[in-house]
Amino acid sequence: MSDFGDPFVSSLFPFASERLQAHALPAMSVLQGLDGPILLETGAARVEGDVLLVRQDIHHQVWIGGRARILNLTGLAYPFGDELARPLTGPLRHVALDALLGDRAALAELRLWLGHRQPACPDDIARVLRRVGADPMVRMSQQELAASLGMERTRALRYFKSATGMTFRRFKSWSALQDAARQLMGGGLVRDAALDNGFADSAHLSRSFRVTLGLTPRDAVAGYRAAIGSASQSCQA
């Protein structure tokens, strides 16, 4: 889901699960519990709420106990220090709730609100992000990145990380994982999603899912279908 010209793609997924295993997302996210509060835990830190802003790059477990939605805000840094997460309140909560329903204007407003202290993404990096985001089959190498930026390779990699908050390798892996997830939610096979997005095989994709998202592709698809099915039944009632 693009955000009115923002080169970063924000992915939104409904799902259902009792628990997510310990994992670390490379992107800040908004997590909403639809059947009650969600509990996040890592070490001594525990945060509970029904709409949580979760810091990137921190291993944590999640207790959900039902349906949820997650909105991954790639390219934004957590603006509230070193805490694990924060329950959203007030106007920010209302904007986040609209974004979690797929409102693109609300998503753009949410990204502006959370990222107002960050510098804008440079145009040359934005062109790279759009190229990678537009085609999951893009296999841009470090040398191609350097050539597109007109820089020496090491300098280009440092520049990319400074502008995006991720290494070039990690950004490509995260983009591929999100594309694979979208393919699976659309009914694709794990085997095809793996090969189409540059994973060596189904096992490679499954490992990446567990480490990054806290559940297997099979559980992710089952949870997605359960969440979608519950939403459809609610609309018909």
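Predicted model: local features only at pLDDT ≥ 70, side-chain atom pairs only at ≥ 80, totals over all residues.
Reader: Let me begin with helix 8; how many residues does helix 8 have, and what should they span?

Author: Helix 8 runs over residues 202-213, and at 1.5 Å a residue its 12 residues should span 16 Å, which agrees with the 16 Å that separates its end C-alpha atoms.

Reader: What is found at the start of helix 8, and what comes just after helix 8?

Author: At the start, the backbone nitrogen of alanine 203 has a side-chain oxygen of aspartate 201 within 3.2 Å. Just after the helix comes glycine 214, whose phi is positive, at about 85°.

Reader: Which residues of helix 8 are buried?

Author: The general idea is that an α-helix has 3.6 residues a turn, so residues three or four places apart point the same way. In helix 8 the buried residues are Leu205, Ser206, Ser208, Phe209, Thr212 and Leu213. They cover an arc of only 165° around the axis, which puts them on the same side of helix 8.

Reader: Which residues are buried in helix 1, and which exposed residues does the face turned away from them carry?

Author: Helix 1 covers residues 90-100, and its buried residues are Leu92, Val95, Ala96, Ala99 and Leu100. Seen down the helix axis, these buried residues fall within an arc of 140°, so they line one face of helix 1. On the face turned away from that buried side are the exposed residues Pro91 and His94.

Reader: How many cavities of 30 Å³ or more does the structure hold, and what lines the largest cavity?

Author: There is one cavity of 30 Å³ or more, and about 270 Å³ of space lies in the largest cavity. It is lined by 24 residues, of which Phe13, Phe15, Ile70, Leu213 and Leu215 are the closest to its centre. Among the elements that each supply at least two residues of this lining are strand 2 (28-33), strand 6 (60-73), helix 8 and helix 9 (217-236), while strand 1 gives the most, with six residues. The lining of the largest cavity divides into 18 nonpolar residues, six polar and no charged.

Reader: Where does aspartate 57 lie, and what is its phi?

Author: The general idea is that most residues other than glycine have a negative phi. Aspartate 57 has a positive phi, near 60°, and lies in the loop between strand 5 (51-54) and strand 6. At 39% relative accessibility, this aspartate counts as partly exposed.

Terms used:
Residues numbered from 1 in each chain as written. Heavy atoms only, no water. Helix = DSSP H or I, 4+ residues; strand = E, 2+ residues; numbered from the N terminus. Expected span 1.5 Å × (residues − 1). Buried < 20%, exposed > 50% of the residue type's maximum accessible area, 1.4 Å probe, protein only. Arc of directions from axis to C-beta. Polar contact = N/O pair within 3.5 Å; in protein donor to acceptor, adjacent residues only side chain to side chain. 1 Å grid on protein atoms, 1.4 Å probe; cavity = no way out; pocket = protein on both sides within 12 Å on 5 of 7 lines; lining within 4 Å. Points joined across faces, edges and corners; volume = space filled by probe spheres on them. Nonpolar A, V, L, I, M, F, W, Y, C, P; charged D, E, K, R; others polar.
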